[in-house]
Amino acid sequence: MSRTTGPVTGRPDRAERRARADYTGGVYGSLLAASVVVGAGSLGSLPRAELVLLLLLTGVVFWIAHVHAQLFGARLARRTALDRGTVLRVCRDEWPIVNAAVPPAAAVALSPVLGLDVKGALWLALSVAVAGQVGWSVAAARRAGAPWRLMAGTALVNLVLGLLIISFKIVLKH
């Protein structure tokens, strides 16, 4: 038994899984959430509950799509067997896509407490999604042991991508 495996299963323990965590899904999910907010804003005065559901359900649908792609696209190309453990691992590995939709959805849900109208709620959710995107990318770089320059670089790239999404919202005038 090694330090990083469980006593009976030989599988990586929680600390090992956290050390290997891939936050790509979180970055992607945050960018997806920002895009959903921009797209939803073009629908006019979308009720907050619908926007919350749209954010969460879009995250779940894209999570399912990524799980499917990982399991059936990559696995079948290599002709490897799928077992329950592999399916659960892929589901867990792709879950950050859904996690990334939660903060923008929560921002929309809490926006009335902040006195925001629907337009303000959209801007808040968009800001939260972009901040999440930057945060996930920095967390990934930090977890990988990247030097501060690389962490700053990935933060900048993701901020620029987020600002690009924000510019789409401004250009679309909604």
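Colleague: In which helix is N158 found?

Modeller: This is a predicted model, in which local features need pLDDT of at least 70, side-chain atom pairs count only at pLDDT 80 or more, and totals for chains, interfaces and linings use all residues. Residues are numbered from 1 along each chain as its sequence is written, and side-chain values use heavy atoms, with hydrogens and water left out. Helices are DSSP runs of H or I with at least four residues, while strands are runs of E with at least two, and both are numbered from the N terminus. Residues 148–171 make up the helix that contains N158, namely helix α8.

Colleague: Is N158 buried or exposed?

Modeller: A residue counts as buried under 20% relative accessible area, as exposed over 50% and as partly exposed in between, using a 1.4 Å probe and protein chains only. The relative accessible area of N158 is 6%, and N158 is therefore buried.

Colleague: Which residues does N158 touch, not counting residues up to four places away in sequence?

Modeller: Touching is a matter of contact, and contact means heavy atoms within 4.5 Å. With residues up to four places away in sequence left out, N158 touches V27, Q133, V134 and S137.

Colleague: Are α2 and α8 roughly parallel or roughly antiparallel?

Modeller: Angles run from 0 to 180 degrees between the N-to-C directions of axes, which are lines fitted to C-alpha atoms, for helices over the stretch in contact. Under 35 degrees counts as roughly parallel, over 145 as roughly antiparallel, 65 to 115 as roughly perpendicular and the rest as oblique. Helix α2 (residues 24–41) packs against α8 at about 10°, with the axes 9 Å apart. The two helices are therefore roughly parallel.

Colleague: How many charged residues are in the contact of α2 with α8?

Modeller: The contact joins V27, L31, A34, S35 and V38 of α2 to N158, I165 and K169 of α8. Ala, Val, Leu, Ile, Met, Phe, Trp, Tyr, Cys and Pro count as nonpolar, Asp, Glu, Lys and Arg as charged, and the others, Gly among them, as polar. By these classes there are five nonpolar residues and two polar ones, and the number of charged residues is one.

Colleague: Are α7 and α8 roughly parallel or roughly antiparallel?

Modeller: The axes of α7 and α8 come within 8 Å of each other and cross at roughly 160°. That angle makes the two helices roughly antiparallel.

Colleague: How many nonpolar residues are in the contact of α6 with α7?

Modeller: Helix α6 (residues 102–110) and helix α7 (residues 118–143) pack at an angle of about 155°, with axes 8 Å apart. From α6 the contact draws on P103, P104, A107 and V108, and from α7 on A121, L124, A125, V128 and A129. No polar and no charged residues take part, and the nonpolar ones number nine.

Colleague: Within what arc do the buried residues of α6 fall?

Modeller: The buried residues in α6 are P104, A105, A107 and V108. The arc is that of the directions from the helix axis to the C-beta atoms. Seen down the axis, these residues line one face of α6, because they fall within an arc of 155°.

Colleague: How far apart in space are I97 and G59, C-alpha to C-alpha?

Modeller: I97 lies in helix α5 (residues 96–99) and is buried, with a relative accessible area of 1%. G59 is among the residues that I97 touches. Although 38 residues separate the two in sequence, their C-alpha to C-alpha distance is 5.9 Å.
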